[in-house]
Amino acid sequence: MAVSWLARLAACAPVPVFPALGMRGEEALYRLALSPEIKLVDSPRHASLLLVAGGVPPSMQQALRRVHDQFPAPFTTLWYRSTPLVELPRAAVTTVDSLDALPGALVESHGSLLRNTVGHSPRLLPDAPPHPWQGLGDDGHGGEGMMGGVPYGRPMAMPPTEDLRDGLALDVLTFRLGPFFPLWPPGLEAEVILQGDIIQQFSVQSSPFPRALAPVFHEAREQSVAIAALERARARHHLQALFHALHLAGLEGLARDALRLADRCPSGDIALLAKWFKTFERRMKRRGFFALHLPERGALRQEQAERLGGFAARAAGIDRDARTEDDGYRRLAFATITQQAGDTRARWRQRLAEIAQAFDLAARAQRDDMRTAQTDAVETPRGAWRDSRPGGTSPLLEDLLPGLEWGEALASLASLELAALSPWPREERAETQMGGAA
Amino acid sequence: MELLLFFVILILSLGAGLLLQWWPSRHHPMPTYPQRAPFLGGGLPDTHAWSRFHVRYYPMALLLIAFEMEMMFMYPWAVVYVAQGMKAVMEMGMFLAILSVGILYGWREGVFRWQ
Amino acid sequence: MTLTTVLLLAAALIGIGIYGALSQQSFVMLMMGLELILNGVMLAAVGFWAMSGAGAPEGQLLTIVVMAVMAIEMAMGFALVVAVYRGKQADVTEAIADLRH
Amino acid sequence: MNPPLAVDIAFILLALFAVYTGWRVFRTDSMVRASFFLLLSFIAVGAIMLLLSAMYLGAAMFFMMGVEMMVMALFMVMFMMNPAGLNPMMMVHQHRLAIGAGIASFVIVAAMALLARFPHRPLPADLQEVESLGNELLGESMLIFESAAVVLLATMIGVVVLSSQRGRYGNAGEGSMPPGLDPGGEPAGMPEKDDEDDGGHHHCH
Amino acid sequence: MILDQLVWPLALVLAALVLGPYLLAVLDGLVARGLGLTRGPGLWLAPLRRGAWWLIQHTNVTEAPDGRAWRLAPALYLALAAGGLALVPWSRAWVATDIATSLVLWGSIEALATVVIFLQGWSANTHLTLVGAYRYVALGLSYILVSMFVLIGVALPAESLALTQVIISQQELWNVLRQPLGLPLFLIVGLAITFRGPFNLADSTDLAGGTSADVSGAQRLVWEFARSAMLVAFSGIATAAFLGGWLGPWLPGPLWVAFKMLAVLALLAWLGPAFARLTPEHCVSLMWVVLLPLAFVDLIWAGVEALS
């Protein structure tokens, strides 16, 4: 009796959803972030629903099973444009293919989960400790001696190795993070070695999923396109990236504002957009996104910046932009913006400046209906796309992150774009609808 | 009397906190091992998290222990401050000035930075 | 609660502290024993102040001094541990050799 | 309830708690637990001080020891092998002697407490204990405050010099890094403990 | 006599302990609405719904936690918050714990809160919670000095460490005006002790929830409840120390205290999400290098003011 009353109350709570993003799953994330009835959470322990958005490659299905099994009961799963794991019973699986139906489906799943009308998701992995320990070792708990053995199923932390900062060599923690860690690019999987909260070693095990760009960038490689559309798509891309950084900084309201702005980018009135962005940027600065949160660390070396290209290179003082080669842009008197420091803070300065510049270019290009003049080099938000698409550059993290404190490292990671460009564009359908919804 | 009430309030809230955690979960089974693994976004750790954790602010912590002792002197001082007048001002001024030297020195040595 | 019972408690704490300080192998655990001894001393001082000293402020002052000693002991002790640990990396084998007989 | 009776009951409970937690400090494998058991022992003693109407010292005990034991826990975890006690361990030497010394000292102090006659001079009813302490601290001369300040300053500087890498000792780790220790082996563990111990004794005596 | 000394104060403390966190959750909901995070009806029910969900969700267990300490930590945090509320004077007569050193006792609660928050992160024996715990200790060890200096500032004109005396000393002018630096600094302490907003080093987003990353169900409910209760207790102390406590015309004292507490809570609920989270290193430097000297200035100001 009492429980059912509680359950009815809980069924109306904001739906706590843990998103496990597969390939091209971001659109679901951005959509849900703006749905007030959904609460995106960063840990499966805080969620009642596992949302798998986008395709999960077979190599990552085991990791997905692990995340799935980390949900405390009761929970259920929802698959957006993704194939459910085969061993899941039909009752615990809801599949949705339409972005518009997604928030409603999540609310529905949560409600029926608590009203017991939908099956709870079962455990997928065998209930066995990482190493057998029961009844083993000196005291029957798996441990041997002082530090040896596998007490309660795991060995103890590694013995000391040299430290990067001060002369104290203390234990290091080695673990593999990802590919569904919600605070870094989906698909990135890395072995992290921490000493204290400083990253001592970072080795990428699988690169982030390729990132799909707006179709207009792909069109620009084939034919002349409107500069305004190109620049709007660029601004949108950077604003969506900003969402992640603002979420990391704990500025949830501003993060939503960034997404709202991004949604208006494709079709909104450009003068208004530029004005809103100016206000938004001012608020971001006033709230200490730069001064309080972003570290003046994570600077790229010259050759790293060159390899990465795009805004990251320009933030490190490399004055290179494929747009300067385009006659259409030249007629708009396009000039590259650069920063000197090349660190995390400079990269966000650069990106914000490029968003403002994109709005400005789009406004002027729209007035005269300017179009790009060349197709053999397109400056994408990820860097210049000449003969080949910009590839993944995540291995440079192995150089960049060691020595950074955990939060600084994640902030630096969020300021970079390391994923390769997907060969297929993002689907236009979702885009127009999202523009309309906002 | 006041202390008794304080004690009662502490015990009541402590008990309520424990009860509220224990009561709903009293019939729950022990979670499976995969659920109990630390959340690392699908990844797994090699070892237990408990380790000789490299605290990056240990000089600050030590400085604090020494500096915090000054609080012991300041509270009684605050009570007699108005009654003692200028003398209290002088003594505490000197006291804090001397201790501030310690903090400034620590700052110069980078004690408040991550080691 | 009489002075005798308070002192008995202090004695028990001091006894445990002495046991800890003598038996523990590691320096930091030894410091814990010392702290426990000082704990007993402070309690005894306050007990005397409250029940036998007619509220003479020296009793409280003594407690504050003990507390200060404790804080200084801890701060210096840990600073030494850090310094020794740092230096040790160079001569760990030597230390083993020294201690193994 | 009769207030003195309540005080007596509270005292007995707190006394038992203080002794129990004090004893647990040396009987637990987890360094964090050991530190916080010690903190609990201090808190119980502080509460007894409150009962003894040392309102200031009792309350101050809580915050001083709260901070000190927090730092204690940080350092215990930092420098002890197996800090969480995942494997049970007994890191003691001269155990019997220590037990004997502990009991002997308890007996001696307890005998003093039981046998000696202390004058019974309770607190005056109108005592303002914080004021009297404040006046005592400020005193006739500036001796107490300034000597305390100098001692604390010396401690602060000493602490910074000893612990900070950029201290006067220079970059201690530089150039003296040994090749990595034998990974996972017990020999890498035990001697460090002993070595710390040695360092401590060395500096202590 | 018994009624005045025991029953009413106890009732008020318990009422504040239950209602305060609820009202704070409603205020938080209002702020979230202002930021465009939530929408629709159910402002008043939303906290209850969330609580109901936490009660239904199973409590998580990790591989080899320090089980007892892990479950004890939220309850202890709640107990500390309740202890803080017990110190709040509701009127001249209604004070649950009216001792001569209640300011010192509040300082102890701040110090012990650090211990408890550390315990919560440590005991889970998981990586992200551990980092969160250690991070918070850096903050906890830093803000406590600021808090104590500011509170000593209000003790100077009162010539006492008792909160009731502090309130009585504000009869002519509230401390918020008399010591203008005090309240802003103290509000920062309030955000720090409950790790909200810019000082959310313990349960931060970059650690997927920090000390709460592996906590679910009822334990999380108690933890979040205790966190809110601590802010309520803090607002009570801030009310007494800076806003004149029960002083005010027309209305009875306890109502004034409640209104002022609500005002402080609303201010903090609005301030919290308004700023980006500090990096731990920035945070420690800020506390020691900027705020501690400011607290010195506040103390000097208070001292000069008290003597003149």
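This is a predicted model: local features need pLDDT of at least 70, side-chain atom pairs count only at pLDDT 80 or more; totals for chains, interfaces and linings use all residues.
Between chains B and D, 43 residues of chain B are in contact with 41 residues of chain D. On the side of chain B that touches chain D, helix H1 (2-22), helix H3 (58-84) and helix H4 (86-108) of chain B are the elements that give two or more residues. The greatest contribution to this side comes from H3(B), with 20 residues. In terms of residue class, the side of chain B that touches chain D comprises 31 nonpolar, six polar and six charged residues.

The contact between chains C and D involves 66 residues of chain C and 80 residues of chain D. At least two residues of the side of chain C that touches chain D are supplied by each of helix H1 (3-23), helix H2 (27-51), helix H3 (57-88) and helix H4 (92-99) of chain C. Here H3(C) gives the most, with 22 residues. The class composition of the side of chain C that touches chain D is 47 nonpolar, 16 polar and three charged residues.

Chain A is assigned domain 1 (2-114), domain 2 (155-206) and domain 3 (215-437). Taken over C-alpha atoms, the centres of domain 2 and domain 3 of chain A are separated by 29 Å. Their contact takes 13 residues from domain 2 of chain A and 16 residues from domain 3 of chain A. On the side of domain 2 of chain A that touches domain 3 of chain A, nine residues are nonpolar, three are polar and one is charged.

Technical notes:
Residues are numbered from 1 along each chain as its sequence is written. Chains are lettered from A and ligands numbered from 1 in the order in which they are written. Two residues are in contact if their C-beta atoms, placed from the backbone, lie within 7 Å. Helices (H or I, at least four residues) and strands (E, at least two) are DSSP runs, numbered from the N terminus. Ala, Val, Leu, Ile, Met, Phe, Trp, Tyr, Cys and Pro count as nonpolar, Asp, Glu, Lys and Arg as charged, and the others, Gly among them, as polar. Domain bounds come from an automatic or database domain assignment.
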